[in-house]
Amino acid sequence: MSRSLTRLALQSVVLTVLQCETTSSRKENRDLVRGRIVTFVAEERFPMDAGKSKKIFDALETFRIELPSWGFANTGTRFGKFIQAAAATTTEEKFSDAGQVHLLTGVCPTVALHVLWDCPDGVHSTDDIRKFAERHGVLPGSINPNLFQDQEYKYGSFGNPDPAIRQSALQHTKDGIEIARRLRSRDISMWFADGSNYPGTANIRQRKQWFKECLKESHHQLSPEQRLLVEYKPFEPAFYHTDIADWGMALLLARAAGPQAKVLVDTGHHYAAQNIEQIVAWLLSEDMLGGFHFNDRRYADDDLTMGSIDPYQVLRIFHEIRYFEWETGQHADIAYMVDQSHNLKGKIEAMIQTVTMAQELFSKAALVDEPELATAQQKCDLVRAESLLQDAFATDVRPAIQEWRVSKGLPSNPMEAFRQNGYLERITKERAARNSRNVSSYA
Ligand SMILES: [Mn+2]
């Protein structure tokens, strides 16, 4: 009995203490909430200091991003395809859709072309392409040869043991370079599916040598202003070895090819834990970073819209580029390109989403105080240094970006403008019948 009473007394003491704590922390919370409200109201009245707005405006003035023609066509996974009624079914429709994204965002003046899918008549397709560009207000951008779709590439292209197949891959690349020259495109982007599926089945060193030779010969075809971009990918479609599996291999091959060859970083082409911004920093310091294919992923090469999974990673990449430029006073000559495949999202909406996300993350990166960061790094003030990135990332840059758009005569919200302008309804009507019949990918 007395033991129970004691327990009861103890419980009531504990309860009282808890209640006291709760009361006092509630009061603090109220103060905090009040403080937050005050700050929020103040921020609303003075959205952003002029210095920050200027940094964002300056950054946006320079930022352009290229759209991939294949991002507007029906695509799928290896398990199948979901056809979209509004997907582009011709090269001209891809130009039209890309033109729409550029019209609304103002920052996508070029569209990347895929030789096999967009130039069915090879070099003879360039007249048509020029007409499409004129009609829809976007220029042809990087040219992507296709060295993976034809049956002859089953065992590789530049790495194929059959010299005749290597030769035909080389000829296709030369045609791609000629198409680029006729269209005044600077970059030829090379991605290879070459690799093997089983140990012992491929001579890895020999294939490396063939790659070197073919890339060198491709480089010979370049005009002085053109560039050859070498892309890498660790696996898929090959599942044992891939001939250009990582940035180191791409770097060595680009160096061997010649001075106009650079490395192309596709953000989806890394192992899950890879520090991509470190690769970017190294390539910059070696003057070997040629461009990006932006997309996001959760597992492998998922081709999701940019920043949908890990926007902070994109900020870190942009930061390394800006930090390099600030420190060296050099302009990093990098082609920003999108490489995504939209299976479920509407093609044009997905593209607008990516472009606006790219602008936001580039603007946030512009808010990192570089001199301050350099000082903090020198002093090993870790918390201060890290906070400079985190604060930039946490800043809501959207109002400033909207202001910039308005100052350019662009819609302040491109997505809303797209949803209201009737384009989607029009193309859905025009293309639905063709799309219900046409189940082929990309082209
Ligand atoms: Mn790519």
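Colleague: Is Arg184 buried or exposed?

Modeller: This is a predicted model. Arg184 lies in the loop between α6 (163-182) and β6 (187-190). Around Arg184 there are 12 other C-beta atoms within 10 Å. The cut-off for exposed is 12 or fewer, so Arg184 is exposed.

Colleague: What is the phi of Arg184?

Modeller: Most residues other than glycine have a negative phi. Arg184 is not a glycine, yet its phi is positive, at about 60 degrees.

Colleague: Where is Asp287 found, and is Asp287 buried or exposed?

Modeller: Asp287 is found in the loop between α9 (276-285) and β11 (289-294). Asp287 is not a glycine, but has a positive phi of about 55 degrees. Inside 10 Å, Asp287 has 12 C-beta neighbours. With exposed set at 12 or fewer, Asp287 therefore counts as exposed.

Colleague: Which peptide bond is cis?

Modeller: Most peptide bonds are trans. Pro237 sits in the loop between β8 (227-231) and β9 (241-242). With omega near 10 degrees, the cis bond is the one from Glu236 to Pro237.

Colleague: Are α12 and α13 roughly parallel or roughly antiparallel?

Modeller: Helix α12 (residues 370-378) packs with helix α13 (residues 382-394), their axes 7 Å apart. The angle is about 150 degrees. Angles over 145 count as roughly antiparallel, so α12 is, relative to α13, roughly antiparallel.

Colleague: What is the handedness of the crossing of α12 and α13, and which residues make the contact?

Modeller: α12 passes α13 in a left-handed crossing. From α12, the contact uses Glu372, Leu373, Ala376 and Gln377. By class, this contact has 4 nonpolar, 1 polar and 2 charged residues. On the α13 side, the contact residues are Arg384, Ala385 and Leu388.

Colleague: Are α3 and α5 roughly parallel or roughly antiparallel?

Modeller: Helix α3 (residues 91-105) and helix α5 (residues 126-136) have axes 9 Å apart. They pack at an angle of about 30 degrees. Angles under 35 degrees count as roughly parallel, so α3 and α5 are roughly parallel.

Colleague: How many residues of the contact of α3 with α5 are nonpolar, polar and charged?

Modeller: The crossing of α3 and α5 is right-handed. α3 contributes Thr91, Glu92, Phe95, Ser96 and Gly99 to the contact, and α5 contributes Phe132, Ala133 and His136. By class, the contact divides into 3 nonpolar, 4 polar and 1 charged.

Methods
Residues are numbered from 1 along each chain as its sequence is written. This is a predicted model: local features need pLDDT of at least 70, side-chain atom pairs count only at pLDDT 80 or more; totals for chains, interfaces and linings use all residues. Axes are lines fitted to C-alpha atoms, for helices over the stretch in contact, and angles run from 0 to 180 degrees between N-to-C directions. Helices (H or I, at least four residues) and strands (E, at least two) are DSSP runs, numbered from the N terminus. Angles under 35 degrees count as roughly parallel, over 145 as roughly antiparallel, 65 to 115 as roughly perpendicular and the rest as oblique. A crossing is left-handed if the near helix is turned anticlockwise from the far one by less than a right angle, and right-handed if clockwise. Two residues are in contact if their C-beta atoms, placed from the backbone, lie within 7 Å. Ala, Val, Leu, Ile, Met, Phe, Trp, Tyr, Cys and Pro count as nonpolar, Asp, Glu, Lys and Arg as charged, and the others, Gly among them, as polar. A residue is buried if 20 or more other C-beta atoms lie within 10 Å of its own, exposed if 12 or fewer, and partly exposed in between; C-beta atoms are placed from the backbone.
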